[in-house]
Amino acid sequence: MNYILSKKVYILVIFILFSGAVLRIYHIRGDAPVADISRSGVFYVDEGTYSHNAVNKILYGTWFLKYDYNPISNVPLYSFSQYLCLNVFGVSLASVRMTSVIYIILALFLLWFLIKITDPLVALVALILGASNYFFIIYNRLALIENQLILFLIIESLILYQYTRRKTIGWLIVLVVMFWIGYFIKPTVLFFMPMVFLSIFYTAYSQKKILLHLYIYFLISSVLLLLVYFLWVVPHFEDWHYFEGRNIHQYINESFLIFLMNYARYFTNLKLFQFMPLTYSLFLLYLTYLIYELINKKRLMFIDWFFACWAVVAFLFLGFFKYSPPRHSIILIPAILVLCSSFIIRTYRGELNFKDKNIYILTIPTLFLIICQIFFGIYRIHVYDQYFLSCYLPFLGIAVLIVYVFLYKQWLHHKRAALILLVSILLLNGYQVTNYHATMQYSYDHAIKDIARLIDEEPSQKEEHILLGDIAPLVSIELQTRALSIIFKGDTELERIISHCPNYLVLQDNDELKRLSKMLPTYFDRVELLSRYQIFNNYLNDDDTYFYRIDNDYIARRLWVKNE
């Protein structure tokens with residue numbers, strides 16, 4: 001059902017989107033909150049690595065560097081979009097991160113547009129929660145592919161909604177084509193494939209039409225898969241093969257026991273809960289309620305059915321992998337926001353059909369996960385000396401259940417209960433975001449300026465400085481110089497270093513120096529430490545970032561003697 005909305009609603013939506021953009025852009029050059037973020041390669045490493053080809057194209061006129069790690073072979077759409085944004089805003093750290101902000105603001109608008117078709121009030125609450133959610137904000141401020149993936153998944157959801165309404169083969173074809181375009185953003189989009197299958201069955205077709213649409217789906221997918229392979233994978237096979245092979249080795253569970261253990265770890269120690277205990281508790285409670293409704297053969301509203309399926313499929317997908325850092329859980333955020341909002345609004349309207357004897361049963365899964373979070377929080381405090389707010393936030397989840405189960409059923413009117421829940425979430429979001437911005441640091445920004453100063457003071461015969469290291473690509477963006485990444489540890493790494501002859505080494509992980517020295521002692525046994533910086537220090541990692549000068553004159557003499 002389409003609702004006709006007033007101009008005031010659209011003005012309010014624009015204001016919320018503007019506020020969400022401000023919360024993400026403000027201090028955009030500042031550090032990420034290292035205490036609340038996983039190392040996982042995301043902190044400066046991935047930001048620079050996946051922007052590498054776009055920067056090379058702007059500064060040097062070429063997408064690819066010979067022997068280098070070229071992520072454009074695996075995520076071309078992200079590289080192209082970064083290239084466009086860097087052309088508009090200039091080559092800088094702020095420009096690289098601005099792409100993520102643009103993706104998410106568009107995604108929030110499209111999410112509101114999708115939900116308001118069936119329930120404008122749920123759409124508005126979901127928009128408010130998405131604009132102010134702390135976990136969402138801290139990752140939206142980083143140049144991560146997951147942010148573009150969220151935008152694509154919302155676009156795909158809009159197409160899928162049109163398909164379920166119109167039930168035509170034309171919309172099915174558009175859906176499949178868009179799905180395989182999404183593969184060029186990030187292969188994680190594969191988790192969305194079951195959503196297409198479920199949507200075909202949700203439309204309540206006859207068995208004959210279900211089989212026909214499934215046949216068309218697999219036929220078009222097969223054709224597109226072949227086109228992707230021969231037109232893109234084959235020409236860039238070396239880079240593509242390394243990337244996919246590395247991911248399979250790193251991500252896929254090696255045994256059934258590890259598979260089960262990973263699921264247990266993932267569900268009971270989900271970092272999402274630490275940042276949004278109120279939002280996540282309501283989401284879990286409502287998801288349990290919807291499953292209960294389905295068991296009793298109740299037909300759900302589209303947004304409830306769709307985002308409940310989204311959550312379940314994403315849980316199963318993410319729990320399958322042995323490597324699943326918090327940033328991967330970003331794909332759960334749309335489902336969490338929508339289902340939490342739907343729960344609050346349906347509570348406000350008194351639409352939830354909780355029976356006295358069943359409400360306590362339905363709270364058991366949520367209560368169990370909250371208790372697990374509390375134990376993990378206490379464990380972090382005593383083992384890792386991790387004293388920050390997210391250790392204590394799970395206790396608020398207990399308060400949520402107490403408020404809802406007891407006060408809603410006995411003392412409070414359902415409208416008051418819903419308002420208490422919503423206001424509590426917004427107050428917590430506001431505290432987290434305000435505290436983050438109030439304690440903002442610029443350690444990375446200061447390190448870049450110091451590195452630039454040291455390079456300027458260094459006497460060098462080289463016309464161009466070349467940086468080597470895990471965070472070299474991102475450091476080089478601000479310095480406007482060439483970088484070589486050591487993320488790519490393939491057979492060509494030796495040739496890459498020798499052919500490009502870098503004269504500086506910048507490492508977030510200083511253990512890499514031992515590996516490099518063992519591989520090429522001629523090059524790395526005479527490096528000179530110029531400075532060290534505390535860019536990434538938290539309860540798990542207290543190593544500094546190191547900046548070295550490589551003695552090229554010494555190397556040249558060694559190579560000359562060897563050749564003689």
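This is a predicted model: local features need pLDDT of at least 70, side-chain atom pairs count only at pLDDT 80 or more; totals for chains, interfaces and linings use all residues.

Visitor: Which residues sit on the face of α25 turned away from its buried side?

Guide: That face carries Lys514 and Lys518, which are exposed. Helices here are DSSP runs of H or I with at least four residues, strands are runs of E with at least two, and both are numbered from the N terminus.

Visitor: And which residues of α25 are buried?
Guide: In this helix, residues 511-519, the buried ones include Glu512, Leu513 and Leu516. They lie on the same side of α25 because they cover an arc of only 100° around the axis, the arc being that of the directions from the helix axis to the C-beta atoms.

Visitor: How many helices and strands does the protein chain have?
Guide: The protein chain has 27 helices and five strands. Of its 564 residues, 59% count as buried.

Visitor: Which residues have the most contacts inside the largest nonpolar core?
Guide: They are Phe307 and Trp310, in a core of 154 residues. Such a core is a set of buried Ala, Val, Leu, Ile, Met, Phe, Trp, Tyr and Cys residues joined through side-chain atoms within 4.5 Å. Helix α5 (residues 93-116) gives the largest share of this core, 15 residues. Apart from it lies another core of 16 residues, among them Ile497, Leu505, Phe524 and Tyr546.

Visitor: Where is Asp525?
Guide: Asp525 is in the loop between α26 (521-524) and β4 (528-533). Asp525 is partly exposed, because its relative accessible area is 42%.

Visitor: Where is confidence lowest in the protein chain?
Guide: Confidence is given as pLDDT, the predictor's confidence in each residue, from 0 to 100. The lowest is in helix α27 (residues 552-563), at a mean of 48, and the highest is in helix α6 (residues 120-132), at 93. Over residues 557-564 the pLDDT is below 50, and beyond near neighbours in sequence this stretch has three contacts in the model, a contact meaning heavy atoms within 4.5 Å.

Terms used:
Residues are numbered from 1 along each chain as its sequence is written. Side-chain values use heavy atoms; hydrogens and water are left out. Buried means under 20% relative accessible area, exposed over 50%, partly exposed in between (1.4 Å probe, protein chains only).
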